Structure formats: C-alpha cells, structure tokens
Amino acid sequence: MKIPLKKIDDYRWEIPVSYKEGMRVPGIIYTDETLLKAIQADQSIEQVANGAFLPGIVKASFAMPDMHFGYGLPIGGVVATDMDKGVVSPGGTGYDINCGVRLVRSNLYLKDIKGKIKELVNALYAEIPSGVGSKGRITLSPQEGRDILVKGAGWAVERGYGTKEDLEHTEAHGCIEGADPDKVSSRAYERGKRQEGTLGSGNHFLEIQYVDEIYDEKAADIMGLEKDTITVMIHSGSRGFGHQVCTDYLEVMETAADKYGIKLPDRQLACAPINSPEGQDYLAAMRAAANYAWANRQFLMVWTREVFIKTFLMSPKNLGMNLIYDVAHNIVKIEDHIVDGKERRVAVHRKGATRAFPEGHKEVPDAYKEIGQPVIIPGDMGRASYILVGTQRAMDETFGSTCHGAGRCLSRHAAIKATKGRAIHRELEEKGIFCRAAGRETLREEFPEAYKDVTEVVNVVHNAGISKKVAKLKPLGVIKG
C-alpha cells in the first residue's frame, strides 16, 4: 500500500491518521520535493507512521529531512510521549546513546594553517584513539567508572580535563540527573571500561574546518566566528557502553510490552510505560550512557587542544580554542512543552535529531540568550557542515527539534560496492582535504556520496523556520575511526 502523503507546504508533508488503524497522531515529515524522492527509497516513512502508535504520543510523529531507515523509529525521528500516560522506547532513542557533536572555535585563520594540515592531522591521529575496538588513554577504577556515569563531563573537568566554561557550553551542562549505575549490566561495563576517551568508528570523526560563509553576522560574532576562522568538530558517542545498554533494554522492553498489553505494528518499537519499573530502569541506564558520552567528547576535545598547542607553539589563551557548543543526538529528555495550548511535561525522544531551543529559553546558555541555542549539523567529509541556532517555531512545532546531519542515502554495504576500485583518500586530497582513517574500508563506507547533500537538508530546516543558518564550514582535515 502506497503511503498517502498530504503536502502541507513546501517543507512539510503529512501522513494522515487514517493511513493505518491504530495511529494516535499524524506523521509530519520536514522535507522538500527533491529530498522526498531519496526518503521514499527506503521504508523510513512507514516507520514514522509506526511511531504514531506509541501510547501517550502527543502532537505528531515527526521526521527531519535527513531521515533514513533505522531500528524502530527512523533515524531523524522525533516523538514526545506524555509523562503520565506515555511510554519510553529504546528504539526511539537508538543504539549509540548520546551520539552527539561539539564545535570548537579558535583564533587561527585559514592562512595560519594551510601548510600544516598534514602535520596536524597526523598528530591528532596519533593522539586520539580511533577505530573499532580502540582503547582510550583513560584507565578508570570500578568506582571511577560508576562516578563518571553520574557526573558526565563534570567528572572530567573536576580532574583538570577542561574548564567550567566547557560545561556551560554543553547541552544539559554535560550531565543528566537521574543516572543510576546499578541499572547498567556488567556486560555494558565490560564493553565501556577501556573505551572512554575514544572516537570510535563508522560515522564518528574529528574534523578541522574553516568558516566558508556567514549568514547571520550577529550570531556568528557572539560565537566568535569570522570568515576563514579555523574550527574543530568532534562527533562521537557512548561507544560500546551505550550500544550494550540499548541491547539489554530492548530485551527488557519486548517482555514489558506484552506484560502491559501494548500493541505495536513493529516489535522494534518495544516499550514500557514511563512510570513502570522497566521504563524507569531504562531511563536511569540511558542517562548513565548519555553521561558517559559527554565525558567522552570532553576528553577528546581536551586532547585536541593539546595537539594544537604543541603544533602551533601557542599558549591556550592566544590559541583561543573555546567550545561553542555540544549537542546530543540520540537521547530521551524530560521537557516542558506547550501541547494543545497547555504546558505539559513530556518525554522527548530525539533519534538522529538535535535540540533547537530559541533565544531566551531557560536552558540556553547565558552567552547565547540573545540568539538561541547553537545547533551543529555535520555533513559528509567532502562537502560542508553548518552551524545554526534554534527558533521559537521549533518549540511551537517540533518540541524544539531539528535535523542532526546529512543523513545516509546509501547503506554501508552499498557504499563499499559503489566505491570498488576507487581511492577515496586520494579523491579527498585532490579537493584539498587530508584524511586519516583506521581502515580504507571505513573511507569507502563513509565516502561523500553515501550521504544526502547537507546543504539541501539544512535549507529545508532553515526555510521551514525550525532552525536558522549562521555559518557554513568547509573541511580541511579529517580523522575517521
């Protein structure tokens, strides 16, 4: 059965409640005509409709223009469930809990760095553990391993890895309250104990960039960005630790869904009432994984700063490598939003989606109160990335959410098949981008054309008004796992 999509306007499409018996709310997809064709190539639209079955879901089952097929909900999905009557679903959060991205600015310009890209990338590659199964430079005692799950990035800062300003410029100050290490399995601890402070593999990266275009001078100035400013973007998550937490609780939720009589069109959306023991246990473990991820990105940023200091022989003050912001992608956050004209507390599942709170919001750092929360949107390693700010329209329409990246248009297997006989690292060098990766296969899986064009994705959310463009960043050097 073809999914009947109703065009609301140039950037929003609706899946009506009548499409499937059991849908509690409509599906709303943010896209344009061009990206819609790519979206229709997989079953992700069906997953948006399936998300509308979740008990307690409010407003709509949303999806962003970078959406593609995922486990349960599509990657790029956003659903919010009522705290009293709703459920929580690991499939609505994702395996890589708090996979997220942070952006660091500097006082360096393109002219300062041109002749040093290879040296810098090689030094970063030597210092930043990356690749499948990589082990970090941080050795944690069992008690420290538990403490980091409760304190997140704050644990790192307490021990001299960064500053309190870093925490002020991190979503949730780098720590969600309510994490409980006792709700985490021994298998998750085992997988995570040597991976704190590692980049990981797949689409995780560390990228040296420069500001190519500025669209909002005021916001760029507040963030410390000018044309040709050098920035660093770090994309990583909770590694094997978070993956195991998700795996463990998917099993729990399959049993719970039967126990509570929850009927769903897809077992991958297995869930439990938020206020049930299973729901509360998952939230406590998920928060622990989120805190693990924020600490992870904090360590990676500090080591990146150290490499720049050594390479350029500059003091930290003169180098000016300050964190602009850090945002989470795969996470459940308990937030207050206006639903049907009334403020309601809801569990917002953002799976491959970014928080985009507006100017003046209580959770936006003081430095950005005038412009809104920075929104960081990485692209592929050959084209561009963007920084935007959140808007009131996002709060009104999408629970303060926007896209999270370019979004895959080829599976990893299809990407490897498409790049047979190609030397991706040489193709990137011809564009002036120097890349180091743990394996050539990673580069083939992640070659630029495996992703949608991030400019097209960003233009949709900008034109739809759910986030606003500030600057375009171009890659110079990339580390992949």
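Analyst: Tyr 95 lies in the loop between strand S6 (87-88) and strand S7 (100-109), where strands are DSSP runs of E with at least two residues, helices are runs of H or I with at least four, and both are numbered from the N terminus. The model is predicted, so local features need pLDDT of at least 70 and side-chain atom pairs count only at pLDDT 80 or more, while totals for chains, interfaces and linings use all residues. Residues are numbered from 1 along each chain as its sequence is written, and side-chain values use heavy atoms, with hydrogens and water left out.

Tyr 95 counts as partly exposed because its relative accessibility is 26%; buried means under 20% relative accessible area, exposed means over 50%, and partly exposed is in between, with a 1.4 Å probe and protein chains only. Apart from its neighbours within four places in sequence, Tyr 95 is in contact (heavy atoms within 4.5 Å) with Tyr 71, Gly 242, His 243, Cys 246, Thr 247 and Leu 250. Tyr 95 and Pro 475, in turn, are 380 residues apart in sequence and 27 Å apart in space, from C-alpha to C-alpha.

Next come the pockets. A pocket is an open set of points on a 1 Å grid over the protein atoms alone, where a 1.4 Å probe fits and protein lies on both sides within 12 Å along at least five of seven lines, and its lining residues have an atom within 4 Å of a point. Grid points are joined across faces, edges and corners, and a volume is the space filled by probe spheres set on the points. The largest pocket has a volume of about 1100 Å³, and of its 47 lining residues the closest to the centre are Asp 96, Cys 99, Asn 203, His 204 and Arg 412. Strand S8 (205-214), helix H10 (239-259) and helix H16 (440-445) are the elements that give two or more residues to this lining, and H10 provides the largest share, three residues. By class, the lining of the largest pocket has twelve nonpolar, 24 polar and eleven charged residues, where Ala, Val, Leu, Ile, Met, Phe, Trp, Tyr, Cys and Pro count as nonpolar, Asp, Glu, Lys and Arg as charged, and the others, Gly among them, as polar.

The second largest pocket has a volume of about 430 Å³, and Lys 333, Ile 334, Glu 335, Arg 345 and Glu 363 are the closest to its centre of the 18 residues that line it. Strand S12 (331-339) and strand S13 (342-351) each supply at least two residues of this lining, and S12 gives the most, with six. The lining of the second largest pocket has six nonpolar, three polar and nine charged residues.

Finally, there is helix H2 (residues 44-51), which is mostly covered, since eight of its eight residues are buried. The buried residues of H2 pack against strand S2 (12-15), strand S3 (27-30), helix H1 (33-39) and strand S4 (61-68). By contrast, Leu 313 is exposed, with a relative accessible area of 76%, and it is found in the loop between H11 and helix H12 (316-319). Phi of Leu 313 is near 50°, a positive value in a residue other than glycine.
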